[in-house]
Amino acid sequence: MKHSESLSEVNQSVDTSKRTGWRRILSFIGPAYLVSVGYMDPGNWATDIAGGSKFGYQLIWILLMSNLIALLLQSLSARLGIVRGLDLAQASRNAYPKWINIPLFGLAQTAIIACDLAEIIGMAIGLQLLFDLPLIWGISVTIFDTVLLLFLLNKGMRKMEAFIVSMVFIVGLSFLVEMFIVEPSLKEIVKGFEPSMLSGDALYIAIGIIGATVMPHNLYLHSSLVQTRKFERDEKGIKEAIKFNFIDTAVALNLAFFVNAAILILAAAAFYKNGLHEVAEIQDAHKLLQNIFGNVAPALFAIALIAAGQSSTVTGTLAGQIVMEGHLKLRIQPWLRRLITRLLAIIPAFFTILYFGDDALGGLLILSQVVLSLQLGFAVIPLIHFTSDKKTMKGFAIKPWVKVLAWISSLVIVALNVKLVIEEIATWSSSGGWYLYVIVLPAAILIGLLLLYIFVYPMLSTGKEEHNNVPHGNALDIESVEKISYTRIGITVDFSKNDRNTIRHALLQGGKHANYYLIHVVETAAARYHGKSVLDYETQSDAENLEKYRANLKELGYNATAHIGYGGTVTAIVEISKQNNLELLVMGAHGHQGLKDLILGTTVNSVRHKVTIPVLIVR
């Protein structure tokens, strides 16, 4: 069966057609909340706290601008998914040459790792603040939240959304209470909405805020999540889906803006006003909150931090799956995908703590958000191209004024990033390290050229898009089918209750004209070391049992021979199959799943990869 859809396991799993009125609107609510989680993760906390403590209320306008840009871009992302039924990564694969998708995947994956790095650090800090757990242990614990994602995915899309919304609610409520505790100045908050010129540290933190708010992987994620809703694919149904998803996006992102603004205002009121301008660390913020406001505020702060980290972890994994399947047509198990992303993020966090100490984590957190911002152009520019294309979007292509706003937003993001890169390279050049000329400058030039190519290519390209998003290729024509008669059939047995069923299915394949090869493998430690010369009790017992099967089949009129293998089950079965030129192998599946498969391994799976003959698996 082909699964060409984005996140195929939950695609169109929420039916909206059976509901009316408010219930119909509510059935569309959910995807944007999963996306909004990325807008209030620990990375946002770090940039907001740094901005509030260093510059007071001055950067609130950057938060508002980021939120408006995010609202625009996320609504475009949702539109792409609804109208074309493709996520952003699949659309990129269709529109750009194959080779360009490899660096695009690499950059998107880097952004997801940077995002996951922020969740790891945030979770570890939250655990340290609540339970006094050392950061290095807190980071180690975060490996195990992979299990949480698998549990939520198995429970279905609605359950996952409910979990995320509850986490978001905890974060929002925690900050609402803290706002009442600190009592910020409303007059100064209003003044913070007035734009001002930025440079140096203010620019670095502002770009961190933009990177933490408008997150590239969220654009991939949103274009896929909107496809979990099943609706009529006619003009009216698509228009309605776009409208309801815009409402969903506006509400969810405004909630995220409220949380981010609350963190920045909290930092400005608690630290900047008290002359504490260098609070860039989440731990510092926690300690100072305790000193100024007592025990309630810091506890709420830590709980909200853990909730934000957990929920962001789930969405980051989904985005990783979408990016890999879309750009590379590569599908791997969700737990493995999760583990790879998590390990790639844990390594720099471990390295930072071991070599630079716990205090360096705050800087790493802000750096991760700047990396996200630098990658943003590679997601935003293709998104605007795709949603503007009248040929593929038909009557749902974005209007000219939306197009202008989208290009202005992308220009602001790219211009700020270019300015930051130039400023940072200028700072590093004073130290004159070799790495600047060998690694940093060539990498910056190559990335700049790639960004230019992505911008120009869709405008010059006249070729047809490739519409094959299926990892497995297209269906072939099935020609006339002749009956296959197997004459040499292998049957693996283990003397369990499954054997009767396995043997019965094998006999149905060949009838009384075939030769049957009964295969059993002795797996004792002695058999592994001594092979055929082993004469322990288990080997003798197994040989007798195998002979009983052979004699039983002979009585029924079937030709059968007994074959015993020793040591490694997979190797022995493959060897016996090759030595006897078997044409078909019939195997019984034990039916164990999950943890047992990981510990015991799956013989059936390993054998079928190593033999060149058909394998019939009987449950």
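Modeller: One term before we start: a pocket here is an open set of grid points where a 1.4 Å probe fits, with protein on both sides within 12 Å along at least five of seven lines, and lining residues have an atom within 4 Å of a point. Keep in mind that this is a predicted model.

Biologist: Got it. What volume does the largest pocket have?
Modeller: About 1,100 Å³.

Biologist: And which residues lie nearest its centre?
Modeller: Those are Val371, Leu374, Val421, Ala444 and Ile447, out of a lining of 32 residues. Helices H6 (98-131), H17 (361-388), H19 (400-429) and H20 (434-460) are the elements that each give two or more residues to that lining.

Biologist: Which one gives the most?
Modeller: H17, with 10 residues.

Biologist: How do the lining residues divide into nonpolar, polar and charged?
Modeller: There are 24 nonpolar, 7 polar and 1 charged.

Biologist: Switching topic, what order do the strands of the open sheet have?
Modeller: The 5 strands run E5-E4-E3-E6-E7, with parallel pairing. E5 (559-566) and E7 (615-618) are the edge strands; each has a single partner, so one side of each has no neighbour in the sheet. On average, neighbouring strands are turned by 20° against each other, direction ignored.

Biologist: How many bridges are there between E3 and E6?
Modeller: E3 (residues 488-492) and E6 (residues 584-588) pair over 3 bridges, in the parallel sense. Isoleucine 491, for instance, has valine 586 in E6 as its bridge partner.

Biologist: Which strands does helix H21 touch?
Modeller: H21 (residues 499-510) packs on the sheet and touches E3, E4 (515-522), E6 and E7. The direction of H21 makes about 175° with that of E3.

Definitions and conventions
Residues numbered from 1 in each chain as written. Predicted model: local features only at pLDDT ≥ 70, side-chain atom pairs only at ≥ 80, totals over all residues. Heavy atoms only, no water. 1 Å grid on protein atoms, 1.4 Å probe; cavity = no way out; pocket = protein on both sides within 12 Å on 5 of 7 lines; lining within 4 Å. Points joined across faces, edges and corners; volume = space filled by probe spheres on them. Helix = DSSP H or I, 4+ residues; strand = E, 2+ residues; numbered from the N terminus. Nonpolar A, V, L, I, M, F, W, Y, C, P; charged D, E, K, R; others polar. Pairing = 2+ DSSP bridges. Axes fitted to C-alpha atoms, helices over the stretch in contact; angles between N-to-C directions. Contact = heavy atoms within 4.5 Å.
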